[in-house]
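Keep the viewer open as you read.

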Amino acid sequence: MTRVLVLGSGQLGLMMAAAASRLGVQLDRLDPENWTLLRGTSPTPEPLPSDWRGEAYDHVTVEREHFPDRAVLQAFDSHPGFKLANTLHCLADRRRQKSFLDELGIATSEWLTVRDRADLAELQHRVGLGLVLKAATGGYDGRGQWRINDPQPEVPAEAVPGQLIAERVVAFEREVSLVGARNRRGDCVFYPLVENEHRHGMLVCTIAPGELAPGQQAEAEDMLRRIMDALDYVGVMAMECFEESGRLLVNELAPRVHNSGHWTQEGASIDQFEMHVRALANLPLTVPETTRNTAMLNLVGTAFDPAWLDLGKTRLHWYGKEVRPGRKLGHLNVYGATNHALLDNLEALMKRWDPMDPADIQRALDILKRDIGDARGETQHTRPEREQRISN
Ligand code: ATP
Ligand code: MG
């Protein structure tokens, strides 16, 4: 039996474990902060000896790219199944990630490393007043970011000069992302581009598949393939993009399964978690089929509500974490055979929605209504084939 170890003990590893068990692959999770092991989907941590190095595992993967305690990654450096050291070095720091994309000639928002206010003024001179500052390491869900729009810009007191980048604020039409997977031989497969909506830097909903301009899928696949090839990457990777004037700019890369790929659990023939395990375990990377139109809604800071289980064409994924404000606690995948059917199902959910901000569902509804309008040929992104019935 193939054995996979995940560094990290959050929901992404948990969903990988569930997928691995369907393939007869044993996938366990390491909680690096407490140095405990969670076997499969078990919630019960088992303490580990301090010199434990996961020797019994064939492959070591991650569910996040930031490990504040560097010793955790160093502990696995010499593990023959851990191939991610180079990728994490390159991507876990925004300065290196942006430089890497620049070297590949892949467009991102204009940026520079910020040491002092003169750097901010220089970038403003080039691109205009609106900048977003991002901590080079450790940020997620919009944390470690500051917006500035001031002609006399200051480096925020909480930021660390030199450990910070500034980017132009992109006036995007929409945000999209591409999830793909690559195996050891260099074969790649991709899911369709999806549209994402963020609020305060946190993903609130994904609509899949996204409504595309002609050629955009191929353009995005080419970009992500080049990125994965350059890193000789194995597994699932996500590429978040802005669409600005019809052009794709990469916002950031995640060398792991990604929140914007959660829709694949109900909307694709092979979900991203299984695809990641397949790539690692050297199992066939079959091209995934999109089987349903899906809206993924994140459940943020809200208590479990059994009413979610009472809705047709909606599946709940609850992570079993302690409820805290602003924390991702689960997600709902609402699906339909067509965008019209999905719209009806979302409207039904909206009527029963109590604990969360209905604006998040409203946003998903707006995107779908726009897409349905598009499919009727009312706007530029005409893709009539999207309204054809796809198998349910
Ligand atoms: P994640 O949780 O995806 O890891 P993160 O905290 O690492 O997020 P980003 O993805 O860089 O941060 O930014 C979060 C969101 O903030 C983006 O999805 C986008 O909505 C907005 N944002 C970030 N950078 C820019 C930019 N340069 N221009 C416009 N909006 C931006
Ligand atoms: Mg992001």
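A cavity, on a 1 Å grid over the protein atoms alone, is a set of points where a 1.4 Å probe fits but cannot get out, while a pocket is an open set with protein on both sides within 12 Å along at least five of seven lines; lining residues have an atom within 4 Å of a point. Rolling a probe the size of a water molecule over the atoms shows where empty space is left. Before we use these terms, note that this is a predicted model, in which local features need pLDDT of at least 70 and side-chain atom pairs count only at pLDDT 80 or more, whereas totals for chains, interfaces and linings use all residues. Residues are numbered from 1 along each chain as its sequence is written, chains are lettered from A and ligands numbered from 1 in the order in which they are written, and side-chain values use heavy atoms, with hydrogens and water left out.

How many cavities of 30 Å³ or more are there? The count is 1. The largest cavity holds about 40 Å³ of space, where a volume is the space filled by probe spheres set on grid points joined across faces, edges and corners. Its lining consists of Asp305, Ala307, Trp308, Leu311, Leu349, Arg352 and Trp353. That makes 5 nonpolar residues, 2 charged and no polar ones, counting Ala, Val, Leu, Ile, Met, Phe, Trp, Tyr, Cys and Pro as nonpolar, Asp, Glu, Lys and Arg as charged, and the others, Gly among them, as polar.

Domain 1 (3-82) and domain 3 (174-375) each contribute at least three lining residues, with domain bounds taken from an automatic or database domain assignment.

Now for the ligand. Around ligand 1 there are 22 residues, the closest being Lys134, Asp141, Gly142, Glu175 and Glu252; a residue counts if one of its heavy atoms lies within 4 Å. Because domain 2 (110-168) and domain 3 (174-375) both give residues to this shell, ligand 1 lies between them. By class, the shell has 9 charged, 7 polar and 6 nonpolar residues.

Which side chain has an N or O atom 2.7 Å from an oxygen atom of ligand 1? That is Lys134. The side chain of His198 has an N or O atom 3.3 Å from a ligand oxygen, and a backbone N or O atom of Val170 lies 2.8 Å from a ligand nitrogen. Of the 610 Å² of accessible area that ligand 1 has on its own, the protein covers 93%, by the Shrake-Rupley method with a 1.4 Å probe.

Finally, check the backbone. Ala208 and Pro209 are joined by a cis peptide bond, with omega about -10°, and Pro209 sits in the loop between strand S13 (202-208) and helix H6 (216-231).

Conventions:
A polar contact is a pair of N or O atoms within 3.5 Å; within protein, one must be able to donate a hydrogen and the other to accept it, and residues adjacent in sequence count only if both atoms are side-chain atoms. Helices (H or I, at least four residues) and strands (E, at least two) are DSSP runs, numbered from the N terminus.
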